[in-house]
Amino acid sequence: MAGNSITLRVLSPLRILNRTSARKILPVFAVIIFCNAFAAWYVLGERIIYHFDSIGYWAMLVELKHNLATQPWNALQWFWSGIRMDDYSSLTIAPLLPFSLFGTTRLWYVLSIVNTFALPAVFAFLLLSRRFFALAHPSFPGVPPPPQTLQTAAILVTILCAPPFWAAIVGGMPDVAGIALISTILLLTLQSLPALRWRDESIVGILAFILIRFRRWYIIWVVGYLLARGVMLLLLCAWRRQWKPLMIQSAKLALCGGVCAALLFLVSGPFILRVIGSDYASLYAGFQIPDFTWWKAIHTVISRFGYILTIFAIGGVILSFAHPRLRIPGAFLLIQFVTTFALFARTQTFFSHHWYLLLTTVLLFAGFFLLEHIHHAARTRTIAVGFLVLNVFIFFAVFFPPLSKLTYPIIPLIPNYPFLIRTRGDLNEMKHLQWSLFDEMRNPTDRVYVLSASTILNRAMVHYMHFTFPELPNLSGKVLDTQDLDRWYGFPSQFFQASHIVVVEPIQYMNTPENSRILILPAERLLNRQGLGQAFRRLPYQFRLDGGSTASIFRRTQKITKAEALEFSDALRAYYPEDPKIYEISIPPGILADE
């Protein structure tokens, strides 16, 4: 009728999407906002000079973006060469290029890591955790499913509030992409372990290749994965006394390893041949755990993860073996974890970006421990919520100074690592050093050698200081490579080509003096004006750095003699009589005085 009014309902976006969609979308937005906000807060609070691994990939990204704009063909050649040969593969930074359109400042660089690598890692881990839990509790008709919202929250809190997850990210290292790749590999594996489909084996082989070329040391995870699957096949066939399936499953596993190996040799032949021919235990002697014992290696990892996360993970292992459906996946994950840990610990110690080798498995078991409590009665669910709150507390305790001061006495329970925003109080002195070097090296042939390799001062700081402070002069073309690890570099020929040397007192080396003779011996000769040190004169500069250190600049006033170089070579070789060839004099002609 004409007099009747019709009321039209105005639907909100959430009603259009319906409640189920809203519950799925809102956590995604919450994770994105949290990750970006936390990373931005951390980076904007830093007051340091970026160096070592925290600057390497940032510099590569800036260079690649510049070359694509000015010399696109050369940039593409560099990209392909990086995949084929380099330890620091160009494959690592290529995915960051789209985000670099917003800028290449430190903030945008770290945010590009967050959005390109960290977020996919979080969501891949979420899918993996749900799959692992579903193996223990398959859905049946008429049986109500566990509370999905609380499950999702538990998994997200487990990974997002784990300080080891964030250390390398805010440090500017893109290695977190490994968690996304590892989670995807494990997701495919757990779907049908031990009998994967042929197609899945091929996909896992491709993903393993990408993982290895993303960062070289992920090859240890891949080796641990293949060994664990091989061991599980043998154990299961022996337990069931069924040897016929062993041939088929071994062929499938061989396909997985074969696809990975074929891609490595076809695409990255020079790289993989160099890896196979290298003795990394010897090359990385300077990075090994001093006076190595297995207990020291285990304690190092536990102290980085914290006792609470470790206890949760152990609880998850125990609960997984209590479920008949999880005994095979749980045993596989445990074998893979132990193998990876043992192989890497014997090579070198675990730095923040190496934690990702172990972190996926640790977080998976820790998350399962929480999910099991959520799944059961209301009382245990309350306990689980308490555990989640504890995780959140640990996150704030290690990253926020007010809480960190209060929780320092309980450091064994929480991760023992300098997670706090990094600052230093000598930035003006470092700027003064950079300007002084710029003023001193006016001659086009002048070059500087930084005879220091600690976090107080190192070659990367001088080389890339203009990244941190754009107003400073760019000295990258005048900074020689510092040879600071004994067995890695051999004879330090670059030192003899320098017109200027920067030395810090006390002498600053990377790890231990036993593996830094290549740096300590020339520094002592300069400071004491002995041997080759007589060719240099200390300039009237004093730079007061953090830790009570003082930096000085030395200028070469005459050529080093062959006798002085020979004395230096003999001193180095005396420390390594079993391998004297690595310290034979290797200097370009025309450098020494009597040539």
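Colleague: Let us begin with charge pairs. How many salt bridges does a search of the whole structure find?

Modeller: The search finds 14 salt bridges in this predicted model.

Colleague: Which residue does Arg424 meet in a salt bridge?

Modeller: Its partner is Asp426, with a distance of 2.6 Å from N to O.

Colleague: Are Arg424 and Asp426 buried or exposed?

Modeller: Arg424 counts as buried at 13% relative accessibility. Asp426 is buried too, with a relative accessible area of 2%.

Colleague: And what does Glu471 pair with?

Modeller: Glu471 forms a salt bridge with Lys431, and their closest N and O atoms are 3.7 Å apart. Glu471 lies in the loop between α20 (459–468) and α21 (486–489), while Lys431 belongs to helix α19 (residues 427–440), so the pair ties together parts that are 40 residues apart in sequence.

Colleague: What are the relative accessibilities of Glu471 and Lys431?

Modeller: Glu471 is partly exposed at 48%. Lys431 is also partly exposed, with a relative accessible area of 23%.

Colleague: What about Arg442; which residue is its salt-bridge partner?

Modeller: Arg442 forms a salt bridge with Asp439, the closest N and O atoms being 3.1 Å apart. Arg442 is exposed, with a relative accessible area of 56%, and Asp439 is partly exposed at 41%.

Colleague: Which residues are linked in a network of salt bridges?

Modeller: Asp87, Arg216 and Arg274 are linked in such a network.

Colleague: Now Arg517. Where does it lie, and is it buried or exposed?

Modeller: Arg517 lies in helix α22 (residues 517–528). Arg517 is buried, yet has no salt bridge.

Colleague: Why does Glu514 not count as a salt-bridge partner for Arg517?

Modeller: Glu514 is the nearest side chain of opposite charge, but it is 5.0 Å away.

Colleague: Then what does Arg517 touch?

Modeller: Leaving out residues up to four places away in sequence, Arg517 touches Asp486, Pro522, Leu572 and Tyr575.

Colleague: What is Phe165 in contact with?

Modeller: Setting aside neighbours within four places in sequence, Phe165 contacts Ala118, Ala121, Val122, Ile159, Leu160, Val176, Ile179, Tyr356 and Leu359.

Colleague: How many residues apart in sequence are Ile159 and Val122?

Modeller: They are 37 residues apart in sequence, and their C-alpha atoms are 7.0 Å apart in space.

Colleague: Which residues form a nonpolar patch on the surface?

Modeller: Ile25, Phe29 and Ile33 form one, with about 290 Å² of accessible area together. Ile33 sits in helix α1 (residues 13–45) and is exposed, with a relative accessible area of 57%.

Colleague: Finally, the backbone. Which residues does a cis peptide bond join?

Modeller: A cis peptide bond joins Glu505 and Pro506, with omega at about -5°. Pro506 lies in the loop between β2 (500–505) and α22.

Colleague: What is the phi of Phe52, and what is that of Arg529?

Modeller: Phe52 has a positive phi of about 50° although it is not a glycine. Arg529, likewise not a glycine, has a positive phi of about 50°. Most residues other than glycine have a negative phi, and most peptide bonds are trans.

Colleague: Where do Phe52 and Arg529 lie?

Modeller: Phe52 lies in the loop between α1 and α2 (53–70), and is partly exposed at 32% relative accessibility. Arg529 lies in the loop between α22 and β3 (536–538), and is partly exposed with a relative accessible area of 47%.

Key
Residues are numbered from 1 along each chain as its sequence is written. This is a predicted model: local features need pLDDT of at least 70, side-chain atom pairs count only at pLDDT 80 or more; totals for chains, interfaces and linings use all residues. Side-chain values use heavy atoms; hydrogens and water are left out. Helices (H or I, at least four residues) and strands (E, at least two) are DSSP runs, numbered from the N terminus. Buried means under 20% relative accessible area, exposed over 50%, partly exposed in between (1.4 Å probe, protein chains only). Lys and Arg count as positive and Asp and Glu as negative; His and the chain ends are not counted. A salt bridge is a side-chain nitrogen of Lys or Arg within 4 Å of a carboxyl oxygen of Asp or Glu. Contact means heavy atoms within 4.5 Å. Patches are made of residues with over 30% relative accessible area and no salt bridge: like charges are joined within 9 Å, nonpolar side chains (Val, Leu, Ile, Met, Phe, Trp, Tyr) within 5 Å. Accessible areas come from the Shrake-Rupley method with a 1.4 Å probe; for residues, only the protein chains shown count as cover.
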